[in-house]
Amino acid sequence: MQHKQLNIELRSKTGKGISRQLRMADMVPGVVYGKGMDPMAVSIKYRELQAAMAGEGGQNNLITLVGGGSLDQSMAIIVDLQRDALKGTYKHVDLHRVNMTEKLRVTVPIVLKGTAIGVKEGGLLDLAHHELHVECLPNNIPDHIEIDITDLAITHSIHVSEIQLPEGVKVLDNPKTPIVSVLGRAKEDTPAVAVAAAA
């Protein structure tokens with residue numbers, strides 16, 4: 001879990017026209033919401049939003065909000081980031097103000113470690129799910145969930161229930177769900193009979 005800071009400015013005006021003006025000024029319109037508060041419209045400098053998501057944690061980075069009146073020094077995470085379909089640039093961001101003593105539900109990417117023995121034997125690696133849904137306190141949000149696939153043989157799978165999780169992290173996905181498998185051989189050896197016939 002990485003901790004970042006993000007300068008925000010409150011804004012009283014909303015709407016497509018205002019959002020367009022902000023984006024032309026290299027600002028990103030956004031909203032901050034959370035338990036016990038009314039949503040508050042904010043604007044954020046484009047480069048500062050990029051910096052807040054830098055590193056392995058990405059959108060799961062824990063962010064200290066700076067400025068924004070009553071939001072100053074609040075902790076938050078990014079829960080939704082809208083991008084331009086063509087340019088990929090940020091269009092709007094939703095920030096969730098969090099209580100550090102209350103658990104959150106977030107999505108965490110899966111990272112595979114090692115090379116499966118089944119792959120070395122000619123099998124095909126099949127990663128069915130690239131992320132896990134977990135529940136934990138804000139300070140315990142992992143950057144990723146690592147799965148060691150070294151001993152994974154052909155036709156075998158690793159299921160949710162077999163994944164080792166960091167302390168304080170609870171997985172919400174079905175325990176029986178297969179995450180990664182090694183399928184049958186990528187290339188079957190040419191049968192000896194066929195080779196003899198060709199000769």
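Let's start with Asp-26, which is exposed at a relative accessible area of 56%; here buried means under 20% relative accessible area, exposed over 50%, and partly exposed in between, with a 1.4 Å probe and protein chains only. Asp-26 sits in the loop between helix 1 (16-24) and strand 3. Helices are DSSP runs of H or I with at least four residues, strands are runs of E with at least two, and both are numbered from the N terminus. Asp-26 also has a positive phi of about 60°, although it is not a glycine.

Quick word on what you're looking at. This is a predicted model, where local features need pLDDT of at least 70 and side-chain atom pairs count only at pLDDT 80 or more, while totals for chains, interfaces and linings use all residues. Residues are numbered from 1 along each chain as its sequence is written, and side-chain values use heavy atoms, with hydrogens and water left out.

So how confident is the predictor? pLDDT is its confidence in each residue, from 0 to 100. The protein has a mean of 89, and 92% of its residues reach 70 or more. Confidence is highest in strand 12 (residues 157-159), at 97, and lowest in helix 4 (residues 192-198), at a mean of 46. Over residues 192-199 the pLDDT is below 50, and beyond near neighbours in sequence that stretch has one contact in the model. Contact means heavy atoms within 4.5 Å.

Back to Asp-26, because Asp-26 turns up among the residues lining the largest pocket, along with Arg-23, Met-27, Val-28, Tyr-46, Asp-84, Lys-87, Thr-89, Tyr-90 and Lys-91. A pocket, on a 1 Å grid over the protein atoms alone, is an open set of points where a 1.4 Å probe fits, with protein on both sides within 12 Å along at least five of seven lines; lining residues have an atom within 4 Å of a point. The volume is about 190 Å³, counted as the space filled by probe spheres set on the points, with points joined across faces, edges and corners. The lining divides into four nonpolar, one polar and five charged residues. For that count, Ala, Val, Leu, Ile, Met, Phe, Trp, Tyr, Cys and Pro are nonpolar, Asp, Glu, Lys and Arg are charged, and the others, Gly among them, are polar.

Tyr-46 is in helix 2 (residues 46-52) and Tyr-90 in strand 7, so the pair ties together parts that are 44 residues apart in sequence. Tyr-90 counts as buried, at 10% relative accessibility.

The second largest pocket holds about 150 Å³. Strand 11 (residues 145-148) gives the largest share of its lining, three residues.

Last stop, the loop between strand 5 and strand 6 (75-83), where we find Leu-71. Leu-71 is buried, at 0% relative accessibility. Setting aside neighbours within four places in sequence, its contacts include Ile-8, Val-32, Met-37 and Arg-97. Ile-8 is 63 residues from Leu-71 in sequence, yet their C-alpha atoms are 8.9 Å apart. Gln-73 lies in that loop between strand 5 and strand 6 too, and is partly exposed at 48%.

Note on methods: pLDDT is the predictor's confidence in each residue, from 0 to 100.
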